[in-house]
Amino acid sequence: MAYDEDLANRVRELVGREPGIAERRMFGGLAMMLRGNMAVVVRGAGGLMVRVDPAESERALAEPGAETTTMRGRAMRGWVTVEPAACERDADLARWVDRGVRYAAGLPAK
């Protein structure tokens, strides 16, 4: 399944000035990598996967449209899946993307 190109372009606009950002196709979507660490993924199934501080996961999951990211039947600690409707407003998308970029920025470069 192809990812939403319009959503990918909106995410690109938000991360475009961030030094060290690169794109990589993975998980059927498009990952935005910051110094080698995934920050945000535009999902092939729609919406986003956002990297979050594991200590902040519960707070992020309490937001509308957010749910635990699950891969191969396992919950992915430190990741939140954001449904497409929760990314429609520019302010909401910016908040989610910023959260992922801020967390990835604090990780050691790969």
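User: Which residues have the most contacts inside the largest nonpolar core?

Analyst: Keep in mind that this is a predicted model. The largest nonpolar core holds 25 residues. V11, V42, L48, V82 and W96 have the most contacts inside it.

User: Which elements each supply at least two residues of this core?

Analyst: Helices α1 (5-15) and α3 (90-105) do, as do strands β2 (29-34), β3 (37-42), β4 (48-51) and β6 (74-82). The largest share, five residues, comes from α3. A second, separate core has six residues, among them A31, M33, M38 and V41.

User: What does V42 touch, beyond residues up to four places away in sequence?

Analyst: Its contacts include Y3, D4, L7, A8 and V11. G29, L30, G47 and L48 are also touched by V42.

User: How do I read the sheet?

Analyst: Start from the general idea. Strands of a sheet pair through backbone hydrogen bonds, either parallel or antiparallel. Here six strands form an open sheet with antiparallel pairing, in the order β1-β2-β3-β4-β6-β5. The edge strands, β1 (21-26) and β5 (66-71), each pair on one side only. From one strand to the next, the twist averages 40°.

User: How many bridges join β2 to β3?

Analyst: Five, and the two strands run antiparallel. L34 has N37, in β3, as its bridge partner.

User: Which strands does α1 lie across?

Analyst: Helix α1 lies across β1, β2, β3 and β4. It runs at about 5° to β2.

User: Is S57 buried or exposed?

Analyst: S57 counts as buried because its relative accessible area is 11%, under the 20% cut-off. S57 sits in helix α2 (residues 57-61). Leaving out residues up to four places away in sequence, S57 touches V52 and G78.

Conventions. Residues numbered from 1 in each chain as written. Predicted model: local features only at pLDDT ≥ 70, side-chain atom pairs only at ≥ 80, totals over all residues. Heavy atoms only, no water. Helix = DSSP H or I, 4+ residues; strand = E, 2+ residues; numbered from the N terminus. Buried < 20%, exposed > 50% of the residue type's maximum accessible area, 1.4 Å probe, protein only. Contact = heavy atoms within 4.5 Å. Core = buried A, V, L, I, M, F, W, Y, C linked by side-chain atoms within 4.5 Å. Pairing = 2+ DSSP bridges. Axes fitted to C-alpha atoms, helices over the stretch in contact; angles between N-to-C directions.
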